Amino acid sequence: MSGFRFKPLMLAALMLGIASLPAAAEMIYNRGNSADPESLDPHKTSTIYEAHILRDLFEGLVMQDATSGLIPGVAESWTLSPDGKVYTFKVRSDAKWSNGEPVTADDFVYSFRRLEDPATGAEYASMLYVVKNGEEVNTGKAKPDTLGVRAVDPKTLEITLKSPTPYFLEMLTHQATYPVNKASIDALGAEWVKPGKLVSNGPFTLAEFIPNDHIRLVKNPQFHAAGEVKLDAVNYIPTEDRSTAIKRYEGGELDSNDDLPTEQLADLKAKFGDQVKIGPYLGTYYYAIKTDKAPWTNPKLRRAISLLIDRDFLAEKVWQNSMLPAYSMVPPGIEGYTPAEADYAEMSPLDREDEAKKILAEFGYGPDTPLKLEIRYNTSENHKNTAVAIQEQLKPFGIDVSLINTDTKTHYGLLEQKGNYDFARGGWIADYKDPESFLGISRKASGNNYSNFNDLDFEKLMDEAAGAGGDPKARMQKLAEAEKILVDQLGNMPLLYYSYHSIVSPKLKGWEPNVMDVHPSRFISK
Amino acid sequence: MARYVLRRLLTAIPTLFFIVTLSFFLLRVAPGGPFSQERGLSPEVKANLERVYQLDAPLWRQYLSYLSDLLHGNFGPSYNLPDFTVADLFRVGLPVSIQLGASALLLALIIGSVLGIIAALRQNRGVDYAVVALATAGSTIPTFVIAPLYQLVFALTLAWVPVAGWGGGALINKIGPVLTLALPQIAIVARLMRGSMIEALRANHIRTARSLGLTSFAVVVKHALRGAVLPIISYAGPAAAALLTGSVVVETVFAIPGVGRYFVDAALNRDYTLVMGTVVLIAVFVIVFNLLVDVAYALVDPRVRYE
C-alpha cells in the first residue's frame, strides 16, 4: 500500500542487524616466557626474558625483524664518517612516545647518559663502552655529559666511538640501549615502570604486571607502524615449570613457550611434530679450565682431556639432540665468519684416544697413576648428567674425576672470586651477533675469564682485530686467528653449541626461526 | 588470660629480633651474592651495583640500616625484582597464598575430622581400614605427584578445569591447588582424629554418658569430641602457618602467584631483602598461630588455666 512506510522499517531492521553482530574478537597472544623480568627499566635489565618483553615495549635506534635481521627503528637512516668513528642517525619524524610526545635525539642522549651513569647501577652499561668516554663515565672518572653522544638537532643524533666498531649497530639492538622517557622518570621516580604509567615508544604498552602471574601488553596506537601490528594484546606468562608449560600449551592456555623439558624431547617430537622448534642458537656450553693451577698450566694436558671427551655422545644421549657438539668457541651462524675448529674435530675416536694416552703417559699418568680432576657445575639435571657422562668417559684412561654441584649463585660466586677449582661449567650466549662476543670473555682483563687465560698472541690478535674495524674481512680474519689460538690452547674447552627449543602453535604466523631466537610480537599474528 | 596473651606477645618481640639477626648474618655467610651469575659482571659494574644497593658498606652498618628500615615497616626493594619492593610482592602474593591455604586447612579439618570420627566409631571394621589406607596414601604420595596427575586427568583428559594459572582468583582455578594442598592434610587429620577419638571414647565419663542413655550423637559430639580435638588443635597451629604462607611445589606446578615460591627462589637467588621478608613473615605467622593454639587449648579444655 502506498501509505505504508518501508524505509524507516528497513533502516530499523538494518540497525538491529548491525547491533546484533558479535564484537570483533580481540587477537590475543598468550606467550610462555620461562621467567618474570627482573625489571622493565631497560637500564636495569640483564636476562633474555626481559629482552623479549622490552623489545615489544620499546623501540631503539635500530631493531630486529622476525628473522633477527637489522632494520631501522627510531632511526630511519644513518651515515658513518670515513674514519669509522662517528655515526649520524636521522630520527624519524613520526616516532612518538605512547603519550603522544615526539621521540627526539635528546631522548637518546638522556638515555645513553643514564645507562652509563654509575648511580643507575646498570648491569649492561658495558654495551656502550665502545662509545667515547663510555667506560670513563661508568667508572666515575668522567661526567655523564662527556659521553660521546650529541643531539645535533631534535631529529639528528651523533654518536662518537672510541675506535671503528663494525658490530656497533648490532649492539644497538640490545635492550639496554632503548630510549627512556625523561619527563616520566623525573615525575615518577622508581614508579615510572609501573603498568598504566610506563611511557614507552614501541608497538605495545604495559597494561598489567602481576608478578608470577602474567604481564599484559596492549597495542600502542601511537606507534609509527601501528597499522602493521596485528595483535591487540600479548600476555607474557612466566612458565618456570616446563612440564606444566607443556601441559598448558596442550590445553590451549599458551600459544607458544620459549623452552622445553629437554628430557622429554623425543616424546614431545612424537606428539607435537613440527610444532616443536629446534635450531642453532648463538651460545656455547663449555668448561672453564683454571689455566694457572697445576697441572692444568700445561696446554698439552688440557688437550688430552679434550681429546677424550665424546661430544657426540653428550649431544645425542645426554641432551637428546637439543645441543650440538662443539669444537670451536664461536658457534656457527654469524655471517662472514667461519669459526676456528680444533684439529681433532675430524680425527677418529681411536686416533684421539691414542694421542691422549701418549700425552698422559708423557706426564706420567695412567690407570695405575691416576690424574685427579674436579669438575664443578651448577644445579641442573642436564649439567649433572653431562658431568657424570664425562666422568665415565675419562675413567678408563686413569683420570679420576670428582664432581661438585653447587647452586647457581654459589657456583658463579666462586668463579668470580677466582676460587679453587680445576674445571668449571660455563655457558655463554651472544649479546650481539659478532664473534667478539664469544672471544672477548677470554681476554686477560675480562671479568668472565674464568680460566684466567693469558696468552700474548691471543691478546695481540684481539687488539689487531679491534684496530682493523674499518676492514670487516680483515677483522674477521684476525678474529678467526685469535680463536684458533684460544681453541688450540684450550683457554676454554667448548663442549656443545646451544640450540633454541620452543613449542609454537600452528595458529601463530610470523614466528620465524633464527639464531638469536628473537620473535618480536610486532610481526606475529594468529 | 588477657595477661597471658599480653605476656606472650611481648616475648615475641625479642624472639623476632633474634630470628632477624641470625638470618641476616647467616644469609651473608652463604657464598655468592645477588649479582653472581653466568654472565659475570665487570668489576666496575659490580662496584656500581653494590653501591646502589648499599652492599658495599661494612656488614654491621648494613645490619643497623636494615633494622631501622624494618622498624619503620620498610622491608626494602627486592634485589632480584627491583621494580617491586618486598612489601609490594607480599601485598600481591600473600592474599593468594592465604586464600588457598585457608581453604585447604578448612577442608582438611572438616573432612579429616569426619573421616577420623567415623573410623573411630567403626574401629577395626571395613570403614576403618579404608580410612587408614586412604590416610596413609594421602600422606605418602608427594604433592609433586598429585598435582601433575590432577592436571593430566582433570585438565587435559577431561578438560573440566584449566591446567594452571590463578585466573584472577576464579573458583575453577583454585580447585586443583586446594585439593593438592588439602589431601595430605586430610590424611594427617583423619589419623589424628581417629587415634584421639578412640582414646577419648574409652574415658570413664563416656561410659557414664552411655549408661545414662544419651544418644550416640550426643556422646560423640557433645562429650568425646571436646577431648579428642586437642591434638588436632596442636597440629593445626603450625600447619596453618605453613599452609597460609604457601607451598613451593603447588605454586610452581599450578603457576600460582603466591608467596610460597619466594621461600626457595629468594634464597637461591640470594635476594637478601626478600629472604629476610619471608623469614619475618613465617616467624610472625608461627608465633601468632602458636599463641592461638594455646588460647584455644584453654578455651576447649577446662583443666588448662593460664595466669
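How many residues does helix α1 of chain B have, and how far does the helix reach from its first C-alpha to its last? I looked this up before anything else. Helix α1 (residues 2-29) of chain B has 28 residues and reaches 41 Å, close to the 40 Å expected at 1.5 Å a residue. The expected span is 1.5 Å times one less than the number of residues.

**Ground rules**

I am reading a predicted model, in which local features need pLDDT of at least 70, side-chain atom pairs count only at pLDDT 80 or more, and totals for chains, interfaces and linings use all residues. Residues are numbered from 1 along each chain as its sequence is written, while chains are lettered from A and ligands numbered from 1 in the order in which they are written. Helices (H or I, at least four residues) and strands (E, at least two) are DSSP runs, numbered from the N terminus.

**Confidence**

I checked the scores next. The predictor gives the complex an ipTM of 0.87 and a pTM of 0.88. For chain B the mean pLDDT (the predictor's confidence in each residue, from 0 to 100) is 89, and 100% of its residues reach 70 or more. Within chain B, helix α6 (residues 143-157) has the highest confidence, a mean of 94, and helix α2 (residues 43-52) the lowest, a mean of 81.

**Chain B**

I found twelve helices and zero strands in chain B. Its C-alpha atoms fill a box of roughly 85 × 60 × 30 Å along the principal axes. Of its 307 residues, 39% are buried. For this label, 20 or more other C-beta atoms must lie within 10 Å of the residue's own; a residue with 12 or fewer is exposed, one in between is partly exposed, and C-beta atoms are placed from the backbone.

I went back to α1(B) with that label in hand. I picked B:L10, which sits in helix α1 of chain B. B:L10 counts as exposed because it has 9 C-beta neighbours inside 10 Å. Its C-alpha atom is separated by 36 Å from that of B:A187, 177 residues along the chain.

Another stop was B:A255, in the loop between α10 (248-253) and α11 (260-269) of chain B. Its phi is near 50 degrees, a positive value in a residue other than glycine. Most residues other than glycine have a negative phi, and most peptide bonds are trans. B:A255 counts as buried because it has 28 C-beta neighbours inside 10 Å.

**Chain A**

Chain A has 16 helices and 17 strands. Its C-alpha trace spans about 115 × 55 × 40 Å along the principal axes. Of its 526 residues, 49% count as buried.

What does strand β12 of chain A pair with? I traced β12 (residues 276-289) and found an antiparallel pairing with strand β17 (residues 492-504) of chain A over ten bridges. Pairing here requires that DSSP finds at least two bridges between the strands. A:Y287 stands opposite A:M493 in β17(A). Seven bridges also join β12(A) to β16(A), again antiparallel, with A:Y285 opposite A:G427 in β16(A). Ten of the 14 residues of β12(A) are buried, so this strand is largely enclosed by the rest of the structure.

Beyond that strand, I noted A:P295 in the loop between β12 and α9 (299-308) of chain A. The peptide bond from A:A294 to A:P295 is cis, with omega near -5 degrees.

A:Q320 lies in the loop between α10 (311-318) and β13 (324-325) of chain A. A:Q320 has a positive phi of about 50 degrees although it is not a glycine, and it is buried, with 21 other C-beta atoms within 10 Å.

I also looked at A:F204 in strand β8 (residues 204-210) of chain A. A:F204 counts as buried because it has 27 C-beta neighbours inside 10 Å. Its C-alpha atom is separated by 4.5 Å from that of A:K219, 15 residues along the chain.

**Where the chains meet**
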